[in-house]
Amino acid sequence: MLKDHMFEFYFDQMNELVFLAEVKNQHLYYKKMNKAAAKLVRCQGEAGMRLESVLLERVVYHSLYPY
(Lines give C-alpha, C1' and ligand atoms only; values in the text may rest on other atoms or scores of the structure.)
Protein backbone atom coordinates (compact mmCIF):
# COMPACT_ATOMS: atom_id res chain seq x y z
CA MET A 1 0.00 0.00 0.00
CA LEU A 2 2.83 2.41 0.82
CA LYS A 3 4.41 1.68 -2.56
CA ASP A 4 1.19 2.79 -4.27
CA HIS A 5 1.14 6.06 -2.37
CA MET A 6 4.80 6.73 -3.12
CA PHE A 7 4.27 5.94 -6.80
CA GLU A 8 1.30 8.31 -6.97
CA PHE A 9 3.26 11.07 -5.25
CA TYR A 10 6.28 10.84 -7.56
CA PHE A 11 4.14 10.23 -10.64
CA ASP A 12 2.25 13.49 -10.11
CA GLN A 13 5.36 15.48 -9.12
CA MET A 14 7.23 14.84 -12.38
CA ASN A 15 7.55 17.82 -14.71
CA GLU A 16 7.82 15.49 -17.71
CA LEU A 17 4.72 14.25 -19.46
CA VAL A 18 4.01 10.75 -18.27
CA PHE A 19 1.34 8.46 -19.65
CA LEU A 20 0.66 4.97 -18.40
CA ALA A 21 -0.74 3.13 -21.36
CA GLU A 22 -1.56 -0.32 -22.59
CA VAL A 23 -1.53 -1.71 -26.10
CA LYS A 24 -4.73 -3.20 -27.52
CA ASN A 25 -5.17 -4.10 -31.17
CA GLN A 26 -2.04 -2.10 -32.11
CA HIS A 27 -3.31 1.09 -30.46
CA LEU A 28 -2.25 2.74 -27.21
CA TYR A 29 -4.94 3.34 -24.61
CA TYR A 30 -4.05 5.53 -21.67
CA LYS A 31 -4.70 4.24 -18.20
CA LYS A 32 -3.46 7.31 -16.34
CA MET A 33 -1.52 10.50 -16.95
CA ASN A 34 0.34 12.73 -14.55
CA LYS A 35 -0.62 16.34 -13.81
CA ALA A 36 1.89 17.78 -16.32
CA ALA A 37 0.44 15.67 -19.13
CA ALA A 38 -3.16 16.44 -18.19
CA LYS A 39 -2.39 20.17 -18.13
CA LEU A 40 -0.76 20.10 -21.56
CA VAL A 41 -3.40 18.05 -23.34
CA ARG A 42 -6.24 19.60 -21.36
CA CYS A 43 -7.72 16.17 -21.08
CA GLN A 44 -11.26 15.95 -19.86
CA GLY A 45 -11.74 12.37 -21.01
CA GLU A 46 -11.77 9.25 -18.96
CA ALA A 47 -9.03 6.69 -18.71
CA GLY A 48 -9.34 4.08 -21.40
CA MET A 49 -9.44 6.49 -24.34
CA ARG A 50 -7.09 5.93 -27.24
CA LEU A 51 -3.94 7.94 -26.66
CA GLU A 52 -4.18 9.20 -30.23
CA SER A 53 -7.48 10.92 -29.44
CA VAL A 54 -6.11 12.44 -26.24
CA LEU A 55 -2.97 14.02 -27.71
CA LEU A 56 -3.41 17.29 -29.56
CA GLU A 57 -1.53 16.37 -32.72
CA ARG A 58 -1.31 13.05 -34.52
CA VAL A 59 2.36 13.79 -35.21
CA VAL A 60 3.11 13.66 -31.49
CA TYR A 61 1.25 10.37 -31.13
CA HIS A 62 3.02 8.81 -34.10
CA SER A 63 6.41 9.83 -32.76
CA LEU A 64 5.54 7.96 -29.55
CA TYR A 65 4.00 4.94 -31.26
CA PRO A 66 4.98 4.71 -34.94
CA TYR A 67 2.85 1.67 -35.90
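Start by selecting Lys24, which is partly exposed at a relative accessible area of 40%. Here buried means under 20% relative accessible area, exposed means over 50%, and partly exposed lies in between, with a 1.4 Å probe and protein chains only. Keep in mind that this is a predicted model, in which local features need pLDDT of at least 70 and side-chain atom pairs count only at pLDDT 80 or more, while totals for chains, interfaces and linings use all residues. Residues are numbered from 1 along each chain as its sequence is written, and side-chain values use heavy atoms, with hydrogens and water left out.

**Around Lys24**

A salt bridge is a side-chain nitrogen of Lys or Arg within 4 Å of a carboxyl oxygen of Asp or Glu. Glu22 is partly exposed, at 28% relative accessible area. Next select Lys31, whose side chain meets that of Glu22 in a salt bridge of 3.5 Å, N to O. Lys31 is partly exposed, with a relative accessible area of 48%.

Now show Tyr29. Lys24 lies over the face of this ring, at 5.3 Å from the ring centre. For such a placement, NZ of Lys or CZ of Arg must be within 6 Å of the ring centre and within 35 degrees of the ring normal.

Select Lys32 and Glu8. They form a salt bridge whose closest N and O atoms are 3.0 Å apart. The pair links distant parts of the chain, with Lys32 in strand β2 (residues 27-33) and Glu8 in helix α1, 24 residues apart. Helices (H or I, at least four residues) and strands (E, at least two) are DSSP runs, numbered from the N terminus. Lys32 is partly exposed at 26% relative accessible area, and Glu8 is partly exposed at 33%. A search of the whole structure finds three salt bridges.

**The aromatic and nonpolar side**

Move to Phe9 and Tyr10. The structure holds two aromatic pairs. In the pair of Phe9 and Tyr10, the ring centres are 5.1 Å apart and the planes stand at 75 degrees, so the pair is edge-to-face. Rings of Phe, Tyr and Trp (its six-membered ring) pair if their centres lie within 6.5 Å; planes under 30 degrees apart count as stacked, over 60 as edge-to-face and the rest as tilted. Phe9 is partly exposed, with a relative accessible area of 48%.

Met6, Phe9, Tyr10 and Met14 form a nonpolar patch on the surface, with about 410 Å² of accessible area together. Patches are made of residues with over 30% relative accessible area and no salt bridge, like charges being joined within 9 Å and nonpolar side chains (Val, Leu, Ile, Met, Phe, Trp, Tyr) within 5 Å. Accessible areas come from the Shrake-Rupley method with a 1.4 Å probe; for residues, only the protein chains shown count as cover. Met14 sits in the loop between α1 (2-13) and β1 (19-24) and is partly exposed at 33% relative accessibility.

**The whole chain**

Finally, clear the selection and view the cartoon. The chain has four helices and two strands, in the order α-β-β-α-α-α from the N terminus. Of its 67 residues, 25% are buried.
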